[in-house]
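Please look over the sequence and the structure first.

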Amino acid sequence: MSEWQPKILAILCNWCSYAGADLAGVSRMQYPPNVRVVRIPCSGRVDPLMILKGLQSGFDGVLVSGCHPGDCHYISGNFVARRRFAVLKPLLEFVGVEPDRVQFSWISAGEGERFAQVVTKVTEDIRKIGPAKRLVKGA
Amino acid sequence: MNDTERSAARMRSPEGIRGSLHDFLKIAVDKGAVDSVLAPVKVPAENSYAWILMNDPAVIESASPVAPVMPVQGAKALKSLTRKGKGESRILAVMRPCEIRAGIELMKLNQVHFDNIVLVSYDCPGAVPFQDYVKDPGFSEESFGKMIASGRPGEENIKPACGICTEFSIVDSDIHFGYFGVDEGSAFVIPVSEQGAELLDAIGLDRDAKIADWESEISSIRDKRTKKRTETLSAAGERIKGLDGLINAFRKCIGCHNCMSVCPICYCRQCYFDSEVSKKDPDFIFEIAEKRGAMAFPRDKVMFHAGRMTHMSLSCVSCGFCTDACPTGIPVAEIFSYMADITQPTFEYIAGKNNGEPLPLRKFEKKELPLVHEIVKSAEGEEGSDE
């Protein structure tokens with residue numbers, strides 16, 4: 001068996017981060033192949049349940065990324081997302097999910113390089129934490 | 001809330017607060033200040049109470065505005081009446097402080113409309129756990145009667161959530177009946193809103209009583225309660241924290257979702273957790289079962305509670321209905337209140353306040369929440385740009 005590889009769910013907003021990922025791709029930048037990208041209309045669309053469900057379904061980590069604050073295609077979606085993440089953070093802690101397992105980031109459509117760097121960093125962080133204990137273990 | 005010096009009327013009745021409130025309902029309908037009354041009435045079998053909308057004096061005569069149990073959250077009754085907007089009839093609703101606060105949260109969620117509603121609250125001694133009441137209504141009635149007569153909040157035979165409640169007195173209602181620490185048989189009728197003051201004027205209650213003593217009594221009880229709440233909840237948090245703690249806490253859960261259906265804040269027509277999408281494919285379940293060696297059913301117990309927490313903890317008013325409705329005795333309210341006390345202060349938000357503030361997720365500041373920047377990590381370690 002080869003070495004354990006973390007599986008990371010990347011939830012990216014259509015207008016910035018997904019385009020950023022696309023740019024990283026067409027620019028042939030190298031980044032770890034551990035992310036599985038889900039495209040969503042806006043980071044404001046992310047229900048905390050999606051993150052919990054991702055962890056429950058076997059992902060070792062979740063990365064959520066949207067437009068930089070102020071750049072939202074829908075004007076305020078990412079501001080609301082930021083508030084939602086602020087609520088989610090203590091909840092994840094309460095549920096016993098390591099803080100670094102779920103990360104948030106802002107990546108614009110022009111930041112292909114940043115996308116590659118964020119993915120590298122997140123992958124390394126999660127590799128260090130190890131495989132996820134499933135959210136609903138035997139219970 | 002009016003900031004001007006608070007003046008109150010005084011009502012007396014040989015039956016104490018219950019008598020005064022009862023008289024008040026009759027006068028309000030009699031003088032035409034309201035069209036009807038929404039209050040608990042004992043069911044004919046004498047083992048529970050139900051919310052009744054009434055304008056017949058004979059029915060109002062049978063009302064029990066201060067009922068020992070809370071079978072249905074008053075905010076839910078209010079929602080049935082006003083969910084589509086302002087009604088034709090002007091209704092006076094007598095509810096416990098937590099029911100009014102839940103109603104205010106539902107108002108912010110556009111599920112309740114207060115336009116034609118006059119809210120009356122009272123110093124709440126707590127409520128008897130519903131199962132205790134059903135088992136022995138006689139004993140519960142007696143112990144609750146003593147509680148009210150003592151003019152202090154209850155300590156024993158009340159719901160756990162009531163024992164640590166800090167919002168047992170005046171809330172953002174229209175009229176408040178204060179009687180804790182007031183001489184027996186007498187109660188202060190305090191106008192809280194302009195609408196409340198107008199109603200008191202309309203029915204001719206003179207506001208000449210001084211309530212400073214009552215106010216200091218309430219704040220001293222509140223201080224004690226706040227301490228007790230912090231202690232109880234932080235102990236519970238420590239006990240339950242982490243995945244193993246949560247799994248243990250919810251091991252008894254039978255997945256009935258009672259806690260959700262009685263919760264005033266959970267108003268969604270269909271919950272994700274009741275939907276087909278939330279059900280896992282049997283193949284997937286087999287796959288996980290094989291990896292773990294064993295599998296418990298029903299599935300998704302912790303997931304359900306954690307998920308519900310993410311959705312409603314910002315609006316949780318700690319009314320304790322979830323614990324009351326749990327057939328297996330899980331202290332659901334304690335766990336949810338613990339989380340609410342963490343998430344609400346993030347936005348300096350207090351659920352149940354009617355001060356024009358929208359729900360925290362309905363507004364934002366351009367620069368806020370360094371806490372999120374802390375977790376927004378970029379490769380260079382720089383902070384997420386703020387502009």
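Helices α3(A) and α13(B) cross in a right-handed manner; a crossing is right-handed if the near helix is turned clockwise from the far one by less than a right angle, and left-handed if anticlockwise. The model is predicted: local features need pLDDT of at least 70, side-chain atom pairs count only at pLDDT 80 or more, and totals for chains, interfaces and linings use all residues. Residues are numbered from 1 along each chain as its sequence is written, with chains lettered from A and ligands numbered from 1 in the order in which they are written.

- On the α3(A) side the contact is made by A:L88, A:L91 and A:V95, and on the α13(B) side by B:A306, B:M309 and B:T310 (contact: C-beta atoms, placed from the backbone, within 7 Å).
- Five of these residues are nonpolar, one is polar and none is charged (nonpolar: Ala, Val, Leu, Ile, Met, Phe, Trp, Tyr, Cys and Pro; charged: Asp, Glu, Lys and Arg; polar: the others, Gly among them).
- The axes of α3 (residues 77–95) of chain A and α13(B) come within 10 Å and cross at roughly 160° (axes are lines fitted to C-alpha atoms over the stretch in contact, and angles run from 0 to 180 degrees between N-to-C directions).
- The two helices are therefore roughly antiparallel (angles over 145 degrees).

**The chain interface**
- In total, 41 residues of chain B are in contact with 39 residues of chain A.
- On the chain B side, α13(B) gives the largest share, seven residues.
- By class, that side has 24 nonpolar, eight polar and nine charged residues.

Key
Two residues are in contact if their C-beta atoms, placed from the backbone, lie within 7 Å. Helices (H or I, at least four residues) and strands (E, at least two) are DSSP runs, numbered from the N terminus. Angles under 35 degrees count as roughly parallel, over 145 as roughly antiparallel, 65 to 115 as roughly perpendicular and the rest as oblique.
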